[in-house]
Amino acid sequence: MSAADFLLSPSVQKLLQVLYGNPEEPFTTNELAQKTKLDAAEVEGTLAHLVGSGMLSRQAAKEELPETVMLDRGFVFYRELRRIALKSFAAAEPVRAMLRTKFKDSVVRAFVLGEDRNGIVEILVVHGAVTPDETAMNAACQKLSKAIHRHLQVHVISSARFDRLTPRDALATKLAADTAFEIVAPGDTKAHLKPERAGLLHSAKKTLAALSRSARGGA
């Protein structure tokens, strides 16, 4: 059970997944019911609770426009809840599940680097000996983006490139920020690293030395 499961009901999580993915956009009850696949009556009841708690603000109907709700950035726990959502149901959990199933043979590590004001989530994927197919990765990310109502900005680099990151690299700066956290750790998948060149060179030298000794012994 994640922190989100402890704090928020499934219906609240589904609604916030949509709302956090579109933080500046107002929604009608019917639109949210359609996007979350929840019953309209359940959505209305949950929205009333969220508005009453201060998490959402309600815009009254005007002329032919229906009543809408949207996130209230003035809510005292807005940042904390948004971060909990990012680290669980709104991004981290679905991205982790996608990488650990579709790309378990290539991805060795992955990080959420953060999100911008518009809800775009930045992801860093580190692959091992096998490079994930670019077309498959793009298709999977697009499908997931639609499902979680978030745009994903994904960087894919090799483990060798990851190990060579310096403090001057933009990715290294983002990894060091408080907003970054790991979602796939070494050993979470079946992916393997490429053999180190130094190890191959050492093995080759040992083989040559053995052959040399064998040749001298035969002489």
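Modeller: Start with pairing: two strands pair if DSSP finds at least two bridges between them. Helices (H or I, at least four residues) and strands (E, at least two) are DSSP runs, numbered from the N terminus. In S4, Ile123 is the bridge partner of Val112. This is a predicted model: local features need pLDDT of at least 70, side-chain atom pairs count only at pLDDT 80 or more, and totals for chains, interfaces and linings use all residues. Residues are numbered from 1 along each chain as its sequence is written, and side-chain values use heavy atoms, with hydrogens and water left out.

Biologist: What is the order of the four strands in the open sheet?

Modeller: In general, strands of a sheet pair through backbone hydrogen bonds, either parallel or antiparallel. Here the order is S5-S4-S3-S6, and the pairing is mixed. Strand S5 (152–158) and strand S6 (181–184) are at the edges with a single partner strand each, so one side of each has no neighbour in the sheet. From one strand to the next, the twist averages 25°. Axes are lines fitted to C-alpha atoms, for helices over the stretch in contact; angles run from 0 to 180 degrees between N-to-C directions.

Biologist: How many bridges join S3 to S4?

Modeller: Seven, between residues 107–115 of S3 and 121–127 of S4, running antiparallel. Val107 stands opposite His127 in S4. The two strands form a hairpin with five residues between them. Gly119, in the turn, has a positive phi of about 85°. On S6, three bridges join S3, again antiparallel. There, Phe111 has Glu182 as its bridge partner.

Biologist: Is S3 enclosed or open, and why?

Modeller: Buried means under 20% relative accessible area, exposed over 50%, and partly exposed in between (1.4 Å probe, protein chains only). Seven of the nine residues of S3 are buried, so the strand is largely enclosed by the rest of the structure.

Biologist: Which residues of H6 are buried?

Modeller: Ala92, Pro94, Val95, Met98 and Leu99. Their cover includes H5, S3, S4, helix H7 (134–148), S5 and S6. Contact, for the next case, means heavy atoms within 4.5 Å.

Biologist: Where is Arg82?

Modeller: Arg82 lies in helix H5. Its relative accessibility is 8%, so Arg82 counts as buried. Leaving out residues up to four places away in sequence, Arg82 touches several residues, including Tyr20, Pro23, Arg73 and Asp116. A polar contact is a pair of N or O atoms within 3.5 Å; within protein, one must be able to donate a hydrogen and the other to accept it, and residues adjacent in sequence count only if both atoms are side-chain atoms. The side chains of Arg82 and Glu115 make one of 2.8 Å.
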